[in-house]
Amino acid sequence: MREKELRLALVCYGGISLAVYMHGVTKEVWHLVRASRAYLDGDTPPPGGSIHAYRALLGAIEAQSGTRLRVLTDIIAGASAGGINGVFLARAITHGQSLEPLTGLWLDKADVTVLLDPDARPGWRFSKWWAVPLAWLVSRTPRNTIDTTVERSARSEVRRKLSQFVRARWFAPPFGGELFSNLLLDALEAMGKGVAGPKLLPAEQPLDLIVTATDLGGHPQRMRLNSPAEVQETEHRLLLRFRHATGMADDIGDIAGLTFAARATASFPGAFPPFAVAELDAVLAQRQTVWPQRAAFLERLFGDGRSESRWLVDGSVLANAPFKPAIAALRQRPARREVDRRFVYIDPKPGRRSISVGGGGGQRERAPGFFGTIFRTLSDIPRAQPIRDNVEAIEAMSQRIRRMSMIIAAMRPEVEARIETALGRTFFLDRPTVQRLGAWRAAAHAKASAEAGFSFVAYSHLKLSLIVEEMAVIAAACSSDKSADRHQQWRTALWQTVRDRQLDKLDGRNARRDDVVRFFREHDVAFRIRRLRHMARCLEELMVSGAVEEQANQVMRAAIYESLGLYFDRESHDHYAGLDSGSVPTESIAGFVDALALRRNLIGVDALADERLAEALCELPKEARRELVLAYLGFAFYDAATLPLLHADSEGEFDAIKIDRISPDDATMIREGGVEATLKGIQFNSFGAFFSRAFRENDYLWGRLHAAERLIAIVASAAPVGQDLPADVIRNLQRDAFRAILDEEAARLTAVPGLIDEIRAELG
């Protein structure tokens with residue numbers, strides 16, 4: 001059976017009260033990965049819910065194409081409302097916990113009457129009595145915000161709850177910071193008390209969670225220039241990183257740290273007070289809860305001893321679409337089978353403003369006033385900033401990949417001729433063995449080194465530079481001092497060691513010296529990974545052309561990806577946990593380099609990989625075996641030509657990345673019209689769902705329905721080329737998911753009794 005992984009990297013936008021919609025979306029992602037785990041384990045999911053539609057989808061793909069697809073989410077990056085939902089989804093995936101407690105939090109507690117700070121609530125019915133008629137007057141003036149942004153049926157409720165804002169304290173955020181922190185802790189603890197299911201990631205697969213925040217005071221960042229030698233700038237963007245990986249401390253197991261991240265990222269300016277660690281300390285003290293990881297968490301986040309004086313606000317102020325840190329997390333991902341990587345971003349209101357400041361309705365827009373200009377600048381523009389730069393960066397990488405393929409195709413005849421000249425045409429008559437593969441590989445590499453001339457020298461220097469830079473990163477990770485200065489000291493010391501050992505003398509015959517060859521054999525993990533990926537691409541071409549039958553293809557594919565897994569383990573920094581790099585780089589560097597070589601044991605891993613590959617190659621037809629062996633042996637020629645083009649991407653996970661979006665505008669199978677036709681939380685400047693439970697129930701339900709439609713389409717698109725599911729099968733699965741969601745939520749969503757009937761009627 002052909003095995004394949006569909007890996008989802010989620011990027012979750014902010015959306016103020018549309019956080020409830022995003023919870024519906026992330027809940028469906030959770031159901032999808034649960035269905036995948038159950039399908040692979042042969043388990044039957046509990047009755048009811050969309051999980052059965054996802055399980056049926058995976059079964060249909062396997063029946064159609066012979067491919068068993070695993071779906072997992074291993075990267076989550078979020079800002080503001082998306083950050084909160086990302087935190088809870090990461091916890092559910094890594095610890096096998098349920099997201100149901102979070103549903104209760106959003107529906108029951110995300111209301112202005114609950115979120116109001118106790119100190120800001122009206123103490124008696126005449127509190128700020130003079131402000132009530134003012135609020136009444138303002139909310140009833142022509143073209144007031146309520147009448148222009150809230151539907152008629154909800155205006156009285158919004159006016160009533162708005163009066164509590166006006167009667168509360170002035171010039172202070174109305175929502176309570178400690179109250180919000182308590183609600184988050186309650187939900188996380190409730191998840192832990194529920195019945196735990198299986199973890200939703202393979203044991204060897206890490207999960208990275210990145211949450212954005214904005215540091216009001218900023219923190220210094222130093223940059224090296226030519227003149228002056230160094231300058232200092234103030235950085236306000238802040239990334240809170242969490243990682244769950246085998247053999248490492250479980251950051252996502254730190255409930256207090258997750259609460260810190262969720263509270264900080266959603267501290268909307270003007271609604272919640274800025275967040276500081278003292279607030280969380282006070283809440284934990286009241287709950288008599290100990291935070292064992294506090295010191296390590298704050299050191300990892302700030303690292304400058306100023307954690308007590310930092311004030312953090314909403315992550316969407318500067319980074320509402322955190323694509324960049326999600327892309328960076330692609331590095332060092334293990335892979336033991338074919339992978340289809342998707343970036344899935346969740347945008348609850350694409351192209352819509354959060355803050356209304358001018359005219360509308362087809363009329364000429366008025367110039368924004370004093371407060372409108374401030375609100376738009378501080379809130380609306382950063383949140384609406386397009387992601388074009390991120391998409392173009394990914395597309396540029398894809399263009400480099402395509403360019404690489406063209407170069408390799410053009411070089412192939414000449415490279416194959418040189419390999420045959422070096423080894424003789426008759427070597428293909430021999431069956432590959434571990435010994436023969438090793439000897440052929442050494443001869444082919446020597447041929448490439450001798451004939452490529454100066455270009456091969458430059459290529460070798462580039463590889464040496466990449467190896468030393470990666471060593472410096474590992475050394476810094478293994479050191480107790482992780483400052484930028486110490487990282488630079490490691491880099492300097494490593495390069496000095498390379499020069500002392502004359503490993504940088506790579507011209508002419510020096511490149512074939514025994515010690516130089518041994519250094520690359522002991523440390524060049526990335527070259528092995530690139531070579532095996534090249535073999536996987538060639539195997540795919542052979543399969544598509546019909547040169548290899550399915551059974552032999554699966555044997556060869558398994559050998560390639562099992563071998564890749566061995567090298568991915570060595571590329572991951574998790575593999576070096578416990579390795580001590582010392583405290584003084586100049587004194588311990590030589591010993592660290594040697595210890596690193598022992599820990600990697602690449603020569604031993606090469607023997608294991610050669611054994612797997614040799615056995616699998618013998619299962620291929622003669623001509624296909626010849627093509628694949630030539631691809632393997634000739635890779636040094638190809639790599640010398642393409643690495644200078646692709647070295648910035650060489651540490652990435654895969655050769656291609658696809659981007660998918662989940663938003664109301666993309667899910668039109670039930671109801672067309674996008675955001676305006678389905679969501680209520682966009683009303684009252686995107687605060688609408690905080691003023692009405694009916695709005696929250698509406699948006700939560702549509703979040704689940706929209707996500708089900710889009711996720712089924714995304715998973716179906718991961719089927720092998722030419723083995724697509726018929727369109728009617730996909731539509732039927734989507735309808736099954738819709739009906740299952742409606743049946744499951746009918747009893748819970750009591751504030752919108754007519755909505756479910758409406759949707760059932762629209763489904764037919």
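**Salt bridges and buried parts**

Arginine 704 and glutamate 28 join their side chains in a salt bridge, 2.7 Å from N to O (a side-chain nitrogen of Lys or Arg within 4 Å of a carboxyl oxygen of Asp or Glu). Arginine 704 sits in helix 28 (residues 693-716) and glutamate 28 in helix 1 (residues 19-41), so this pair ties together parts 676 residues apart in sequence. Helices here are DSSP runs of H or I with at least four residues, numbered from the N terminus. Both arginine 704 and glutamate 28 are buried; buried means under 20% relative accessible area, exposed over 50%, and partly exposed in between (1.4 Å probe, protein chains only). The two also belong to a salt-bridge network with Lys27, Glu100, Glu744, Glu745 and Arg748.

The model is predicted, with local features needing pLDDT of at least 70 and side-chain atom pairs pLDDT 80 or more, while totals for chains, interfaces and linings use all residues. Residues are numbered from 1 along each chain as its sequence is written, and side-chain values use heavy atoms, leaving out hydrogens and water.

In total, the structure holds 39 salt bridges. Another one links arginine 693 to glutamate 697 at 2.6 Å, N to O. These two are four residues apart in helix 28, about one turn of the helix. Arginine 693 is partly exposed at 26% relative accessible area, whereas glutamate 697 is buried at 0%.

Helix 10 (residues 255-265) has 10 of its 11 residues buried, so it is largely enclosed by the rest of the structure. Among those buried residues are Leu258, Phe260 and Arg263.
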